[in-house]
Amino acid sequence: VGQAPNIPDTDGVNEMLAKAGPSATLKDVARGILDRLVERPELEVQVEEILFLKDCLGASLETLAMPCMLLQRNTGDVTPGGYDYLMIYTKQVNANSCPGTPGSRSRTPSVAFSRPPSWESLDANILEDFDKWDFDSFQLSEATKGSPLHFAGWKALGGFLGEEPSDVFLEMERTSRFLEAVEDMYARQDTVLYHNNVHAADVTQCVHALLLQFGFAAYFDQLSILALLLGAIVHDMGHDGRTNSYHANVCDDIALTYNDISVLENMHISKTFKLMHSDPSTNILEGFKLEHRNRLRKEMVEVVLGTDMSSHFGNVADFKTLIEKLGSDPAEWHHEPKAMSALRVMVLHAMDISNPAKVLPLSDKWSDLLRQEFFLQGDEEKRLGLPISPLCDRETVRFASSQVGFFTIIVQPTFTLMAELQHRVKDVLLTHLQTNTEAWEARKRKESGDFSGPPSAQNSPPGIHRADRSGSLSRYRPESGHSGHSGTLRMTPAAASAAPELRSAAPAAPAAPYLLPGVSSSRCKS
């Protein structure tokens, strides 16, 4: 992006920006000035505005498409973090690596939201940090006044946005409306503690960072990158804080609709395409070639269904076999469609359970929210007379022990395999994971000592408050994977024999083998 024209500090421009929001582009400002001069020629012409229009004539279309929020007023300097997402990707991707895929083309991000979220408080640090692994999505939620997914989705999809149609192209107005509608279908933090719009924004940012900072973009073409990002955005849409097994046990509508199979995951992706079909203003796939639209839908469905924790061990075993066979050369993976499918699934699934691989303060915050969500499900199961799912009984669960099990049995093997493809995963993610595992090991030893009161009251991470037991239950929903998802976790025989049972050191209260909430095999009965 070249030198940007200085935004005029005039009453007319300030009034326009106040109405349009900081997401208005330089092109929008220029158009607004011209429209005002045509509609009200009696107004005095401002010299600043004329100079701005003159500068715009010499500026590139790429520069004029920059949102004003990414520019520092009266300096023309571009705030760090506003560069083209896909332009960076295409430096690493061979456009011909996957047959039937359009050639790489960088698109210039531009913002023209119909109803933009409130971003006035966003500063340069948030924009700059968005590309980094340890990005704080809680801070983003505060800065955007509760609309983190709208921003995260727009920022991550920036490379696909533009005004001129191409083979892989998202029209800006539809994309904005789509993101807004999707976020509206997510619960907020005050009703669902973990599986809400902040979690969706966080997973979206994690996929973005994995592709961008850790080199995984080299394995994918444009269409697959788009499928992964869209899959991340919608992967928990409509989640109610309950697990798949909970829904099957209460025999509710979605369990009946999806026959107890990946109940929530099927619901999330079904809602996505129903939204686009029912409201054309959100149909971001409008204008795609049929073959591209069909492939994008297929890949979005596979990656969202792949977040069901019940398939974790099978997916990891298959992925390990593929790595042993194909190594880390992207070209080898591109020759095998089944391998590419497995890799796409693993990318989104790994990011969905990636909280243990964040810096400890962030990891602890996510863990405690998930713990509280588990307990709310247990409270509801107790009220309904259902068996209380593992990890959901606030009176008996030893959370530190279960965390150690989740970190070592689920997360570590997953990211160790990811590191085989891109070694920087070991330097950053596995390093964080090791630090956090040691912290939870210490908490586990403390938890196993002689304490009074229920175990769930003893093992909160430092500075984290426990769930309010008297809160309303009907609007909350726990999940089934420690960092991430709902469903029963089924081990393959090989995985079961390899995974040690996790037992508390306290002889009077042994911990159960690590299971996700909802392992009960009960099904709906008519």
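Visitor: Is Arg-40 buried, exposed or partly exposed?

Guide: Arg-40 has a relative accessible area of 43%, so it counts as partly exposed. Keep in mind that this is a predicted model.

Visitor: What does its side chain meet, Arg-40's I mean?

Guide: Glu-42, in a salt bridge with 3.5 Å from N to O. Glu-42 is exposed, at 58% relative accessible area.

Visitor: How many salt bridges does the structure hold?

Guide: There are 16. One of them joins Asp-364 and Arg-443, at 2.8 Å from N to O. That pair links distant parts of the chain, with Asp-364 in helix 19 (residues 360-384) and Arg-443 in helix 21 (residues 424-447), 79 residues apart.

Visitor: Are those two, Asp-364 and Arg-443, buried or exposed?

Guide: Asp-364 is at 6% relative accessibility, so it counts as buried. Arg-443 is at 14%, so it counts as buried too.

Visitor: Which residues are linked in a network of salt bridges?

Guide: Asp-221, Arg-295, Lys-298, Glu-299, Glu-302 and Arg-344.

Visitor: OK, switching to rings. How many aromatic pairs are there?

Guide: Nine. In one of them, Trp-133 and Phe-214 have ring centres 5.9 Å apart and planes at 85°, so the pair is edge-to-face. Trp-133 is in the loop between helix 6 (124-129) and helix 7 (137-143), while Phe-214 is in the loop between helix 10 (197-213) and helix 11 (222-234), 81 residues apart. Both Trp-133 and Phe-214 are buried.

Visitor: And Phe-319 with Trp-333, why is that pair called tilted?

Guide: Their planes are at 50°, so the pair is tilted, and the ring centres are 5.9 Å apart. Phe-319 lies in helix 16 (residues 312-326) and Trp-333 in helix 17 (residues 330-334), so the pair ties together parts that are 14 residues apart in sequence. Phe-319 is at 0% relative accessibility, and Trp-333 is at 0% as well. Together with Phe-216 and Tyr-219, they form one aromatic cluster.

Visitor: Where does the charged end of Lys-365 sit?

Guide: Over the ring of Phe-138, 4.1 Å from its centre. Arg-242 likewise lies over the face of Tyr-246, 5.3 Å from the ring centre.

Definitions and conventions:
Residues numbered from 1 in each chain as written. Predicted model: local features only at pLDDT ≥ 70, side-chain atom pairs only at ≥ 80, totals over all residues. Heavy atoms only, no water. Phe/Tyr/Trp six-rings, centres within 6.5 Å; stacked < 30°, edge-to-face > 60°. Helix = DSSP H or I, 4+ residues; strand = E, 2+ residues; numbered from the N terminus. Buried < 20%, exposed > 50% of the residue type's maximum accessible area, 1.4 Å probe, protein only. Lys NZ or Arg CZ within 6 Å of the ring centre and 35° of its normal. Salt bridge = Lys/Arg side-chain N within 4 Å of Asp/Glu carboxyl O.
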